[in-house]
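Me: I have a structure to go through with you. Could you help me see what stands behind the terms?

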Amino acid sequence: MVESHSLLVAAILGVVEGLTEFLPVSSTGHLIIVGNLLGFTGDTSKSFEVVIQLGSILAVVVMFWRRLFGMIGLHFGKPPAHEGTGTRRLNLGHIILGMIPATILGLLLHSKIKSLFEPKYVMYSLVVGGVLLIAAELLKPKKPRAEGLDDITYVQAFMIGVFQCLALWPGFSRSGATISGGMLMGISRFAASEFSFLLAVPMMMGATVLDLYKSYSFLTLADLPMFATGFITAFIVALIAIKTFLAVIKRISFIPFAIYRFFVALAVYFVFIA
């Protein structure tokens, strides 16, 4: 009975992760909130929340495998279609530059970040992240300087990485921070979203490896079925979510997502704090 309950919790959290990882609403924030509602808290839950994000990242690899392999010089059949109006090509250098700021800050503040995995901190970050989404929509250039993924410059990639540092605050949303930063840097919403997805692959893989290394002392083989269930569920749901998100993002702004974040923050206040 206990194992069945833990697998159900894992499946629920896997659905939450898959649905929210690539939306600008914070998957980590939602996992913390739902985990607390389900009574799944503590060190194991924090590691679980990080590990199942790999399921969502695997969905990105499946969706963008040709582009990802192309960036490291491996081409299988037809090369990925050029996206943009210029002659540049997105390459591994863009990804590395986008990784540098958050990687350095994350390593320096790893223990501090873990202490922020609480509903009250998520509430604050949901609000601040929502404000950033609105600011990005209102202040972005009327005509993007980078229409497509291949138009993104090295400077823009690095600045997106700077914005990504905000996502070290649980509840802020990695995709929300990077896409908003990209839009403020003159990148179209669609291209910024795609770059955010690609940047997530090495960032989340690195975060998971680091977390497992630091958490191995209290993780056991008994946790494996739960972790596997969450991982697989997140992967399947994320595949659907990515396809849906990319299909609608050209037609809608991020302001509805910001309003949603404010309502979730309000709910967190009344459920966990008031």
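Predicted model: local features only at pLDDT ≥ 70, side-chain atom pairs only at ≥ 80, totals over all residues.

Me: Which residues in α5 meet residues in α10?

Reply: Residues are numbered from 1 along each chain as its sequence is written, and side-chain values use heavy atoms, with hydrogens and water left out. In α5, His94, Ile95, Gly98, Met99, Ala102, Thr103 and Leu107 meet Phe195, Leu198, Leu199, Pro202, Met203 and Leu210 of α10. Contact means heavy atoms within 4.5 Å. These contact residues comprise 10 nonpolar, 3 polar and no charged. Ala, Val, Leu, Ile, Met, Phe, Trp, Tyr, Cys and Pro count as nonpolar, Asp, Glu, Lys and Arg as charged, and the others, Gly among them, as polar.

Me: Why does Ser193 count as buried?

Reply: Buried means under 20% relative accessible area, taken with a 1.4 Å probe and protein chains only. Ser193 has 0% relative accessibility, so Ser193 counts as buried. Ser193 sits in helix α10 and touches Ile179, Phe245, Leu246, Ile249 and Phe254, leaving aside residues up to four places away in sequence.

Me: What makes up the lining of the largest pocket, by class?

Reply: The lining has 15 nonpolar, 11 polar and 5 charged residues. Helix α10 gives the largest share of the lining, 6 residues.

Note on methods. Helix = DSSP H or I, 4+ residues; strand = E, 2+ residues; numbered from the N terminus. Buried < 20%, exposed > 50% of the residue type's maximum accessible area, 1.4 Å probe, protein only.
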